[in-house]
Amino acid sequence: MSEFEYVTVTDDDAVCTIRLDRPAAHNALDRKMAAELREATYDAVARDDVRCLVLTGSGGTYCTGADLGTLSGDESDEKRLRHLATDLHAIVTALVNAPMPVVTGVNGVVAGGGLGLALCGDIVLAAESARFEFAYPRIGLSGDGGSTYFLPRLVGLREAQRLTLRDEPVGSEEAVSLGLATERVADDDFEAHLADLAAGLASGPTAAYAETRALLHESFDNTLSEQLTSELERISGLATSDDFARGHDAFFEKSPAEFVGR
């Protein structure tokens, strides 16, 4: 596994945790950090031994988007922003298409490009002190990182318009109420709860999770007929999986299934 300067990767059984680790810069993305995060994400989603992927931050911050200190505020920034956004979009795409559940642990402020990195999780765990911010209007830019894709799907178009155009920070309690986050956890309990949540998902039927994730994402573009066809193909394809055999036997034995993720 590669060694990184601004990203820390740790394994705990079948859980791989990728931690943004540039706390002095509030985990803002410069070219090097974005490239490292892209490599770490690609490596994790390709590993057969990873059954749950966690993305979180260090130093009380999740991610504050692009490092504005690397930009100059003039036309020379076009190329820099293209490079950063390209890496960011590749990371988000890899997380959405990952063959395992993805948990994003929002341990503090998330803003700008970091917002898409938070919202793309299947489970978004928010610390009590977490704050969600669109932030782009403050610097005269539009959104990236998938934020304008996820927001209307999660909260509806009208609420997404309010959040992006008025650019008002959203605390953790409101984030759960709106659907931006799944669950709110006290700061002191955050790391332990994040680990327990990920471990629980990692012990589940990973292959079935992957197919369910894909079905949910497809549903926004499919007709009912197309969705039913996709459901038919995916569920019948899982009939020969080890996990289904184990789940079937456990059901009749009235005992918990021990899934292996295939």
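1. Leu115, Phe132, Glu133, Phe134, Leu151, Leu163, Glu168, Val170 and Leu180 line the largest cavity (a cavity is a set of points on a 1 Å grid over the protein atoms alone where a 1.4 Å probe fits but cannot get out, and lining residues have an atom within 4 Å of a point). This lining comprises seven nonpolar, no polar and two charged residues, with Asp, Glu, Lys and Arg counted as charged.

2. The model is predicted: local features need pLDDT of at least 70 and side-chain atom pairs pLDDT 80 or more, while totals for chains, interfaces and linings use all residues. Residues are numbered from 1 along each chain as its sequence is written, and side-chain values use heavy atoms, without hydrogens and water.

3. The structure holds one cavity of 30 Å³ or more. About 70 Å³ of space lies in the largest cavity, a volume being the space filled by probe spheres set on the points.

4. Four strands form an open, mixed sheet in the order E4-E6-E8-E9. Strands E4 (61-63) and E9 (170-171) stand at the edges with a single partner strand each, so one side of each lacks a neighbour in the sheet. E8 (residues 131-133) pairs with E9 in the antiparallel sense over two bridges (pairing requires at least two DSSP bridges). Phenylalanine 132 has valine 170 in E9 as its bridge partner.

5. The largest nonpolar core has 51 residues, and Ile18, Leu37, Leu53, Leu117, Phe132 and Leu180 have the most contacts inside it (core members are buried Ala, Val, Leu, Ile, Met, Phe, Trp, Tyr and Cys residues joined through side-chain atoms within 4.5 Å; buried means under 20% relative accessible area with a 1.4 Å probe, protein chains only). Another core, of 13 residues, lies apart from it and includes Val15 and Leu201.

How values were computed
Buried < 20%, exposed > 50% of the residue type's maximum accessible area, 1.4 Å probe, protein only. 1 Å grid on protein atoms, 1.4 Å probe; cavity = no way out; pocket = protein on both sides within 12 Å on 5 of 7 lines; lining within 4 Å.
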